[in-house]
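Hi there,

I am passing this structure on to you, and my notes follow below it. Have a look at it first, then read on.

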Amino acid sequence: MQQEIAETHALTLLAWLAGDEELVPLFMGATGSSEADMRARAGEPEFLASLMDFLLMDDQWVLKGAEATGIRAEDFAMIRAGLPGGALPNWT
């Protein structure tokens, strides 16, 4: 997935997460981000990568995000791969 498309999808997921009273405190605790940090860093691909890493930790979060945003659950890993640090290592 191209980085620009991955960023667009990740921003959609960030907007959803910011409104989820159950998950947003977990995300902020896991990343050390405040609400102000989330607003200020929303356009940073590295921050969006941390969001995707967080969501991919739990299948239920992926399913919940997919249902809320219309982004297919099976695309979450591709979104992460399209952001910095998401490329799979080439072991050959």
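**Helix packing and one serine**

Helix H1 (residues 3-18) and H4 have axes that come within 9 Å and cross at roughly 60°. Axes here are lines fitted to C-alpha atoms, for helices over the stretch in contact, with angles from 0 to 180 degrees between N-to-C directions; helices are DSSP runs (H or I, at least four residues) numbered from the N terminus. Please bear in mind that this is a predicted model, where local features need pLDDT of at least 70, side-chain atom pairs count only at pLDDT 80 or more, and totals for chains, interfaces and linings use all residues. Residues are numbered from 1 along each chain as its sequence is written, and side-chain values use heavy atoms, leaving out hydrogens and water.

Now to Ser-33, in the loop between H2 and helix H3 (35-41). Ser-33 is buried, with a relative accessible area of 10% (buried means under 20%, using a 1.4 Å probe and protein chains only). Leaving aside residues up to four places away in sequence, Ser-33 touches Met-28, Met-38 and Phe-47.

Best wishes

Definitions and conventions
Helices (H or I, at least four residues) and strands (E, at least two) are DSSP runs, numbered from the N terminus. Buried means under 20% relative accessible area, exposed over 50%, partly exposed in between (1.4 Å probe, protein chains only). Contact means heavy atoms within 4.5 Å.
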